[in-house]
Amino acid sequence: MNDFVTSPFFGIVLCIGTYAVGLWINRKTKSPLANPLMIAIALVIVILSVFHIPLEDFNQGGDLIAFFLIPATAALALSIYRQVWLLKRNFLPIIIGSAVGSLVSMGSVYGLCRLFRLDDVLTQSLIPKSVTTPIAMDLSIQLGGEPSITVAAVVVTGIVGAIFAPSLIRLFRVDNSIAAGVAIGTCSHALGTTKALEIGEVEGAMSGIAIGVSGILTVLFATIIL
Amino acid sequence: MKSLFQVGIVLAVCLAGELVSEAIPAAIPTSVISMILLFVLLLSKCVKPRHIEQFSDFLLKNMAFFFIPAGVAIMEQFDLLKNYLFPFLLICFITTIITFFATAYTVKAVMAAQKRVREDKRHE
């Protein structure tokens, strides 16, 4: 049994299996709330807890999957390149939109944390939550936060973006693919971008650009302001 | 052989991204640098889309899947967060929506302003 769960194949097969279940439930219910990624994460957590399997064992395979996050983010360059004429034509709106969004994200987190009277460490851990994980972790350490809380906030934020992006587009009547894409990438980094890619090629590319722009600008703003 | 070549190019760009990320003083991660590098390579035609298309599209189509381990790792933070789980989730939820709204409307507003300027120029 021990060899079974410590084998890298265990984590990989478990992820693919639970993700397949997630996709199946998503197809059956046709509800955006039944997000395949969220279902897979929940199922894996339940299975590990019920069978008392240490996270470390799961990560023998999990790390191999997470390894692909870097090449996958790099591959966004191709989807951006396919829309390069749109980027050239709308360079200013994309940059300014991302800049305003990054500031609003940090400001609104700070304001709400104060409102809920959360302590400083938690507040500082949450401030960088809208940007991609490695940037958010570095910033969290710089600000005096707890990086593991930051990672949790980044993932939750990304899942919120991935689940609610289509509803938000409808709710706020964002009838413009560029605005929708930049908004998804700025508010929910690469995880939200996975949904943007499903919505459309323009949305995916713009969301990809916004990951980079908002990430770099957030570092810049945090250094200037804080 | 061709598909192996594609994997090789993308991973080589990531390797270069790692080197650059370590060399520069700013805290910009390998993933973002690799994305910028690959974009520059595509723009300069050093890499053609057909050189990386199949592998890249495979990665892009399955991007959500690669996030499963990161999500599962949250279970480790559960003890730390259980006292403020509700405000934590609420803040993540509300600020994501506010940020979406602010960004989308700024992009639309700047696009509209840009359009006016461009039209004025045409009339002159």
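Leaving aside neighbours within four places in sequence, which residues is V155(A) in contact with? Select V155(A) and look: L191(A), A70(B), G71(B) and I74(B) are in contact with V155(A). Contact here puts two C-beta atoms, placed from the backbone, within 7 Å.

This is a predicted model, where local features need pLDDT of at least 70, side-chain atom pairs count only at pLDDT 80 or more, and totals for chains, interfaces and linings use all residues. Residues are numbered from 1 along each chain as its sequence is written, with chains lettered from A in the order in which they are written.

**Core.** Next, select L37(A), A74(A), A77(A), V155(A), I159(A), A183(A) and I68(B). These have the most contacts inside the largest nonpolar core, which has 103 residues. Such a core joins buried Ala, Val, Leu, Ile, Met, Phe, Trp, Tyr and Cys through C-beta atoms within 7 Å; buried means 20 or more other C-beta atoms within 10 Å of a residue's own. Now show helix α10 of chain A, residues 147–171: its 15 residues are the largest share of this core. Helices are DSSP runs of H or I, at least four residues, numbered from the N terminus.

**Chain interface.** Colour by chain. In all, 86 residues of chain A are in contact with 63 residues of chain B. Pick helix α7 of chain A, residues 91–115; it gives the most to the chain A side, with 14 residues. That side has 61 nonpolar, 22 polar and three charged residues. Nonpolar covers Ala, Val, Leu, Ile, Met, Phe, Trp, Tyr, Cys and Pro; Asp, Glu, Lys and Arg are charged; the others, Gly among them, are polar.

Key:
A residue is buried if 20 or more other C-beta atoms lie within 10 Å of its own, exposed if 12 or fewer, and partly exposed in between; C-beta atoms are placed from the backbone. Helices (H or I, at least four residues) and strands (E, at least two) are DSSP runs, numbered from the N terminus.
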